[in-house]
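Dear colleague,

Please find below the structure that I am handing over to you. My notes on it follow directly after.

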Amino acid sequence: MYGWKDNIRRVRPYIPGEQPELKDMIKLNTNENPYPPAPAVERILRGYDAEELNRYPDPSATLLVDAIAKRYDLRREEVFVGVGSDDVLAMSFMTFFHSNRPLLFPDISYSFYDVWAETFDIPYRKIPLDDNFEIHSEDYAGENGGIIIPNPNAPTGIDAGQEKLEQIIRANPNAVVIIDEAYVDFGAVSLLPLIDRYDNLLVVQTFSKSRALAGSRIGFAMGNPELICALWDVRNSFNSYTMDRITQKLGAASIEDEDYFQAQLARVVASREWTKKELRRLGFYFPDSRTNFIFARHERLPAIEIFHALKEAGILVRHFALPKIDNYLRISIGTDQQMQDMIRFLDHYLADH
């Protein structure tokens, strides 16, 4: 019998990392920044006039857009903002991948890509990484309806490098190529300077990682004005008032404090490099990370065993029960003390096993 259930869109949702509220948990599973955002952010929060909330926010997020444009030496017309880079990417999928040809992305990458593709009925094809989790530019030279590549990659942490990625962009002038740079600030080179050279390039970044504003949800895209205008058109056909007044002010305040930003980046990178050295000493192998996480496997013990042992000890990391990567753990970089506590536990645990 025909019924309303037949009209429901069935999708396989993205599964985010656990967000436990346990006070003493060392949380190293969702790549959050362990340090607070810029001091100006707290000043905005403390002095915010709640009466402003009875009015809609600026749908163009002009204050935030102008701050981003100034920081990256762009024009306002080259910047689009959304509620986290997930929102920006979802809008981009709807805007640019309206084709019967397949969208291409790596088979090991951000697991939201295939979810969006299926939700929006976009055909797609996953391009296998090699045994070292590297991409090859020639694999993206065939007919397609668009390309999206995270760089550095998630969850592997590998920086593909500008040369490979530019080869892909150059070989696909008739398709929009999105480079998802959620982690670029931790040691990779952004492709942003190439947007003047390639009108099919869109660079997407986020405030969630390096700017420590995961709780406020700010993402942005940078590209030529025609791409950006198309994004705004789709956004305003979907929901014009997506980013609230407070968030717009917090984002603008955050991006203006460059000294604080660079200092916190340096702290995370230093902790990452120390953790790499200690993990190698303990028998872990991993690709060289240019992110705020390390994607590691152990020489003897299965990843799932170590995952459960860490969790029982109050240390939460990320395990993906997926082909080709199910023996790896993704370990976010926390404070120096958190990383030392994790290494101390692993030292004792591995010695006993």
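In which helix does aspartate 336 lie? Aspartate 336 lies in helix H10, where helices (H or I, at least four residues) and strands (E, at least two) are DSSP runs, numbered from the N terminus.

Before going further, please note that this is a predicted model, in which local features need pLDDT of at least 70 and side-chain atom pairs count only at pLDDT 80 or more, while totals for chains, interfaces and linings use all residues. Residues are numbered from 1 along each chain as its sequence is written, and side-chain values use heavy atoms, with hydrogens and water left out.

Aspartate 336 is partly exposed, its relative accessible area being 43%; the scale counts under 20% as buried, over 50% as exposed and anything in between as partly exposed (1.4 Å probe, protein chains only). Leaving aside neighbours within four places in sequence, aspartate 336 is in contact with Tyr35 and Ser271, contact meaning heavy atoms within 4.5 Å. Proline 34 is 302 residues away from aspartate 336 in sequence, yet the two are 9.5 Å apart in space, C-alpha to C-alpha.

Helix pairs

Two packed helices are described by the angle between their axes and the distance between the axes. Here, axes are lines fitted to C-alpha atoms, for helices over the stretch in contact, and angles run from 0 to 180 degrees between N-to-C directions. Angles under 35 degrees count as roughly parallel, over 145 as roughly antiparallel, 65 to 115 as roughly perpendicular and the rest as oblique.

Helix H10 (residues 336–352) packs with helix H9 (residues 303–312) at an angle of about 120°, and their axes are 11 Å apart. H9 and H10 are therefore oblique to each other. On the H9 side the contact is made by Glu305, Ile306, Ala309 and Leu310, and on the H10 side by Met342, Phe345, Leu346 and Tyr349. Seven of these contact residues are nonpolar, none is polar and one is charged; Ala, Val, Leu, Ile, Met, Phe, Trp, Tyr, Cys and Pro count as nonpolar, Asp, Glu, Lys and Arg as charged, and the others, Gly among them, as polar.

Helix H1 (residues 39–46) and helix H7 (residues 245–255) form another pair, packed at about 150° with axes 8 Å apart. H1 and H7 are therefore roughly antiparallel to each other. From H1, the contact involves Ala40, Val41, Ile44 and Leu45; from H7, it involves Ile246, Lys249, Leu250, Ala253 and Ser254. By class, seven residues of this contact are nonpolar, one is polar and one is charged.

Buried helices and the cores

How many of the eleven residues of H7 are buried? Nine are, so that H7 is mostly covered. Among the buried residues of H7 are Arg245, Gln248, Gly251 and Ile255, and the buried residues of this helix pack against H1 and H2.

In helix H2 (residues 62–71), the buried residues are Leu64, Val65, Ala67, Ile68 and Ala69. Their cover includes strand E2 (79–82), strand E8 (219–223), helix H6 (225–238) and H7. Just after H2, aspartate 73 takes a positive phi of about 55°.

Isoleucine 68 touches Val79, Val81, Phe207, Phe220 and Ile255, not counting residues up to four places away in sequence. The largest nonpolar core has 76 residues, and Ile68, Val81, Phe93, Leu201 and Leu202 have the most contacts inside it. A nonpolar core is a set of buried Ala, Val, Leu, Ile, Met, Phe, Trp, Tyr and Cys residues joined through side-chain atoms within 4.5 Å. Helix H3 (residues 84–96) supplies the largest share of this core, six residues. Another core, of 36 residues, lies apart from it and includes Met25, Phe261, Leu282 and Phe284.

Loops

The loop between strand E5 (146–150) and helix H5 (162–171) holds proline 152, and the peptide bond from asparagine 151 to proline 152 is cis, with omega near -5°.

Asparagine 31, in the loop between strand E1 (26–27) and H1, has a positive phi of about 60° although it is not a glycine. Asparagine 31 is buried, at 1% relative accessible area. Alanine 212, in the loop between strand E7 (201–206) and E8, has a positive phi near 60° and counts as buried at 17% relative accessibility.

With kind regards
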